[in-house]
Amino acid sequence: MPGADKEADLTERIEAFLADLKRGGCGTGPIRGSGETARETTALLRKITSQARWSNAGDLMEIIRKEGRRMTAAQPSETTVGNMVLRVLKIIREEYARSRGSSEEADQQESLHKLLTSGGLSEENFRQHFAPLKANVIEAINELLTELEGTTDNIAMQALEHIHSNEVIMTVGRSRTVEAFLKDAARKRKFHVIVAECAPFCQGHEMATNLSKTGIETTVIADAAIFAVMSRVNKVIIGTQTVLANGGLRAVNGTHTVALAAKHHSTPLIVCAPMFKLSPQFPNEEDTFHKFVSPHEVLPFTEGEILSKVNVHCPVFDYVPPELITLFISNIGGNAPSYIYRLISELYHPEDHAL
Amino acid sequence: MSSRGGKQKKGNVASEQEEEEQPLQAVLVADSFNRRFFPISKDQPRALLPLGNVAMIDYTLEFLTSTGVQETFVFCCWMSNKIKDHLLKSKWCRPTSPNVVHIITSDLYRSLGDVLRDVDAKTLVRNDFILVYGDVVSNIDVSQALQEHRHRRKVDKNISVMTMVFKESSPGHKSRCEEDDVIVAMDSKSKRVLHYQKTQGLKKLQFPMNIFQHGSDEFEVRHDLLDCHISICSPQVAELFTDNFDYQTRNDFVRGILVNEEILGNQIHLYVTQDGYGARVSNLQMYDSVSSDMVRRWVYPVTPEANFTDQRGQGCTHSRHNVYRGAGVSLGHGSQMEENVLIGRDTSIGANCHISNSVIGNNCTIGDNVVLDRGYIWNNVDISSNVEIHQSVVCDGAVVKEAVRLNKQCVLAYNVEIGPNLSLPEGTVVSMHHPEEEEEDDDDEFLSDDQEVGHSKDKTRQKAFNPAEVGPEGKGYIWKPSVDDTEDEELAQCLWGLVLNPDPESDSESEASEESQDRSRSVSPEIDDVNAFQLEVLGTLQRGLEENIVCDNLVLEINSLKYAYNITLKEVMQILTRVVLEYPFQLQGTQLTTLQYTGLLLPLLKKWSPVFKNYIKRAQDHLDCLSAVEELFLEQDTHQTAMVKVLMKMYQLEILEEAAILKWFSTGTTTDRSRQLRKNKGLQKFIQWLEEAEDESSEEGE
C-alpha cells in the first residue's frame, strides 16, 4: 500500500526533524544556521502539503498547525521554525482566497468593527474544495524557498550603501549574515572590523578568523572592552537570532552591552536580519524567551568541589530594546524598528499569531 | 561554540556512513543485580525510579538514541514485566522511533556476566556495541569514541576489545561516587589501560612495575576520572564472558583482560571526555547529585522542560533560578520556590511554603508552611502542613502527616504513612515491607518475580505497626537491619552511599566487607597478595608440622598457592625462607633468646629441607635465598649470631652451596648495616672455614 508507506515515511521525517531540533544546540544555538533551519522547515512543510491527506484548505491548515505546534514546542528558542509555519499558513489562506476569486488583501485592513462582527466565521469558509489548490500552494511554497535561498545575498548586496572607506565597524559574536555583509563590502572598500569575542562560547574568534582570511583588517577584543573601544567606532553592525514584534531583538549574549555602549556614544546600530527572523512574539513571554544551556563553559565540570557550593547559569540570549536600534537591514531593504509591526502584519495573518 | 558543533556534525556524518553498512547496536542492562536501592526497589525496579520526574531508563535510551544507536537490546530481570510495560508505552516503541528497542527478559540473569553470555548465546550483536546500565544519565557524544574504537580495531587487528568512556572531573566533585572511584594507569599515546583499580577504602595503591616497562615512554596515572559506565564493546566481549564463566561484572572483565593481556593479547582502551555529562545512579547519594545536576542543566539538552520522552502533559516551563513548573501547578500565597526546583503537573502547594533544591512529582498535595530542602518527592504524595523535609526521598503514594520532620537522608518507601507530630532521625528508612520478611524469604528472593513480593506483603499485614516509629496514625516499618544478618546492615547503610560514615576507618571497613559480598572479587587482591600468600604458606607449614604431612605434598600445596595468588618463583622462595626463619617466633613469641631460637629452628630446617631443595636450584636461587636470610636477620638484629648457625645448617643440609655463600658474602654489600653484618665474627669464621674446606674437598661438609 503505497499510501500508508508514504505516510509512514512522512511521520518518520517529521520525527527525525523534531528530534534534531530537540538535540540541536549545544552552545550558542543550533549546529546549522537559522537560514538552514528555515529552509528545512519549509521543505518539510511542503512535503506535508504534498503527502498528507486533506481535501480542503481548512484540513491542510489544521494539519500544518498541529505539526507546527509540535515543532515549535520541540525547541521554543528556535523561532524561525514557528515563523516558517506562519508563512505557510498565510500562503494557504492567500491561495484559497485566490481560488475563490476574492482577494485576501482586502481582508488585511480589517477595521476594529469588522473584526468584532466577523467572529470566528472565517475558519468555516475554508471548507470548499478546489482541485488546483494543492499545486498552487506547493508552487507558492517553492517561491518562498527561492526567496529563502537568496536572503543572505540580498542583504549582502546592500553592504556598499552602509559601509564606507576607512570606517571602523564593531560587531559581536558570529553571524553568518553579518559575515557575508562585511565580506561583500570588503570587495570594494577598505575598513577595520572590531569583533567582541562573546564569551563564554567565543564565537567572535571564529568570526575574526573568517574575516581576516578575506583580507579585512580585524581586531578581537574582550567583552569587557566594548565600552572603551566604542568611542572609536563609526558603526555597529550585528546579527540577531530573532526580531521581536516590538522591534526589539533576541540576540546573542553581550549584544545588549554593545547596544547600550553604542547609544551612549551615539554610534548607529545596524541589525542585519533576514525577513524569516521576524517573529510575532513579544518580549514578555518569559518562559520561552530565555535559553539556558549547560554551565560547562562558564565553570567546567572538572572544577570539582566548588560546583556543589555555587549555582552556575549560562544564558544564551540577550534582549535588546527597540530604542537602541537605528536600522534593520533585511532582504527587502532597510527599515526602522518602528516599522516592524507593519512588516509583521504583511508577512503573517493575524489569526495565526498564536498557533 | 560553533567549532565544537562542527566537530560533532562531522562525527555524526562519519558514523552515519559506517552505520549504513551496519546499524549501531546497544545492550542496555536494566537491572542493577544488587540490592542497593532496597527497600525502594522492592516495589519498582531501579531503572523505572523517577529522576526529575522521568524514569531513569528513559534517560539512558535518550542518550543511546541521540548518539545514533539504531537497535537496542534491553535486558531485564527483576520486575521485568513493569519495565516491559513502561517501554511498550513509551515513545521508544513507537514505529517511528529511530532506535528499535527489543526487550529480552529472563529470571536467570544474576549478573552482567549472565546477560553478556546470553548476548553471545543468541548472537544478538554483529558489530561493535555500546554497553550501558539502565540508570545512566548522560549527554556525551560517543561517536568520537566510537570512531577511535573502530580505528583501533582496524589498525590493530581486533586487539582492542573495549573502550571505556570516562569523564574528567577532579576529586571532591559531588557527582563522583566514592564507591566507583577508580585509579587508572594508561599509556598516554595509545590511551591503552594498563592498570585499573577501585580506590575506595584503600590508603595505599600499588602498581605492578611491569606495566610501565614496555610500550610507549609516556604514562599517565589518573585519579580525576568519573566512570560513566558507558563502554563500547566489540562482539568479542560477549565471547570472552562466555569463555570465562566466572566474570560477573565489568570490573571482573577489565581486571581479567589486564591480567591475561599477555596470554590473550586483548587490550582495553580509554576515552576521556571533557564536555558532556555522564554518571550512573548507583546509590541515593548519586541520585541526589545527578538530580541536582539535571535541574541545574548540566545534562543540556536533556533538561526537564525539553520533554524528551514526548509524554503528553509532561512538559513544563523553565524560569529564573532554575524553577520548572509543570502544567496545572498551583502555588499558595506566600510560598517561595527559591532555586533549582522542579514541580510536576497538577501538584498543588499550600501557603507560606519554602522550597529549594527539590524535585516534586505529579499529583502531589503539599500543605501550608512546609519546608523542603533537597527533598525528592515522587508522584501522588500527600504532605500535610508544617512538615519539614531535608535531603530525603519520599516515594510514590506516601503520606506525611502534620508536623512531621524528616531529617537528612530519610527514605519513605512506597505507600508509607508517617505522623503526625514525629521527627524521624537521620538516615531512617521506612517501608511497607517488614524487615523480617527478609529472613523468611530465601536467598534468591531478590531475583524472583513480583508474585513473591505480593505474597510476602500479605504476611506483613499481620504484624502491627509500631506507633513510636511511624507515629500514631502511621503505616510502615522501620527498615532496619536484623542484627545477625550483616548483609542487610550493610545495605541499609549503603542506600545513601558512604557519606553516612564520616569516620574514614569504619568507611573502609564497611566498604571492604560490602565489597566482598556484593562483588565477590572486586577488591584488588594484588596489594595483599604477597601478604596473603605468606600467611597461607605459614598455615600450610603449620599444618604440615601438626599432621606430619610429607614434604612432597607441602611442595604441591605451596605450588598451587603460588598460582592462586599469582606469585613469582623468586617471591615464593623469599617468602618461604622468611616464614621458616620466623617460625620459632610464631611458636614462642619474639622474646626468645638466640639459643632457644636456634634450638627450635634447626630441627625445622632439617625437616623441611626437601621443600627448600625443591625451590632452590639455580645459582640465582641460592643468592635470592641468602638475601632473604640476610634481610630477616637485619630486622632481627638481636639474633644475628644465630645467622651463622642457620647458614651452617643450610649448608650441611645441602640447601645452599658453598660457592653461592661465598659469592653472596663477597658481593652483596650495599648498605652500611649489611656491611656491619658481614663483620660479625662468627660469620667471618664460617666463611673462612668454608674457604678452607673448598680447598680440601667437598665431602667435608657431609
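Predicted model: local features only at pLDDT ≥ 70, side-chain atom pairs only at ≥ 80, totals over all residues.
View 1. Look for B:Asp288 in helix H9 (residues 284-295) and for B:Arg374 in the loop between strand E24 (371-373) and strand E25 (376-377), so the pair ties together parts of chain B that are 86 residues apart in sequence. B:Arg374 counts as partly exposed, at 30% relative accessibility.

View 2. B:Lys475 sits in the loop between helix H12 (467-470) and strand E35 (477-478) of chain B, while B:Glu417 belongs to strand E32 (residues 417-418) of that chain, so the link ties together parts 58 residues apart in sequence. As for cover, B:Glu417 is buried, with a relative accessible area of 18%, and B:Lys475 is partly exposed at 36% relative accessibility.

**View 3. Over in chain A, A:Asp184 pairs with A:Arg187.** The closest N and O atoms of this salt bridge are 3.0 Å apart. A:Asp184 counts as buried because its relative accessibility is 16%, and the cut-off for buried is under 20%. A:Arg187, on the other hand, counts as exposed, with 61% relative accessibility.

**View 4. A salt-bridge network in chain A.** A:Glu62, A:Arg65, A:Arg93, A:Glu351 and A:Asp352 are joined into one network by salt bridges that share partners. For context, a search of the whole structure turns up 33 salt bridges over all chains.

**View 5. Where chain A meets chain B.** The contact draws on 37 residues of chain A and 41 residues of chain B. The size of an interface is often given as the accessible area lost when the parts come together. For chain A and chain B, that buried area is about 3,300 Å², with carbon and sulfur atoms giving 53% of it. On the chain A side, A:Lys22, A:Arg23 and A:Phe301 lose the most area to chain B, together 23% of what that side buries.

**View 6. The chain A face of the contact, and what crosses it.** What kind of polar pairing links the two chains? Helix H1 (2-23) and helix H14 (286-289) of chain A each supply at least two residues of the side that touches chain B. H1(A) gives the largest share of that side, 5 residues. By type, the chain A residues touching chain B split into 11 nonpolar, 12 polar and 14 charged.

View 7. The secondary structure of chain B comes to 23 helices and 35 strands. Of its 702 residues, 57% are buried. Among the contacts in chain B with a separation of 6 or more, 61% are between residues 24 or more positions apart. The accessible surface of chain B is about 29,400 Å², and 48% of that belongs to carbon and sulfur atoms.

Terms used:
Residues numbered from 1 in each chain as written. Chains lettered and ligands numbered in written order. Heavy atoms only, no water. Helix = DSSP H or I, 4+ residues; strand = E, 2+ residues; numbered from the N terminus. Buried < 20%, exposed > 50% of the residue type's maximum accessible area, 1.4 Å probe, protein only. Contact = heavy atoms within 4.5 Å. Areas by Shrake-Rupley, 256 points an atom, 1.4 Å probe, with all protein chains shown as cover. Buried area = accessible area lost by both parts, 1.4 Å probe. Nonpolar A, V, L, I, M, F, W, Y, C, P; charged D, E, K, R; others polar. Salt bridge = Lys/Arg side-chain N within 4 Å of Asp/Glu carboxyl O.
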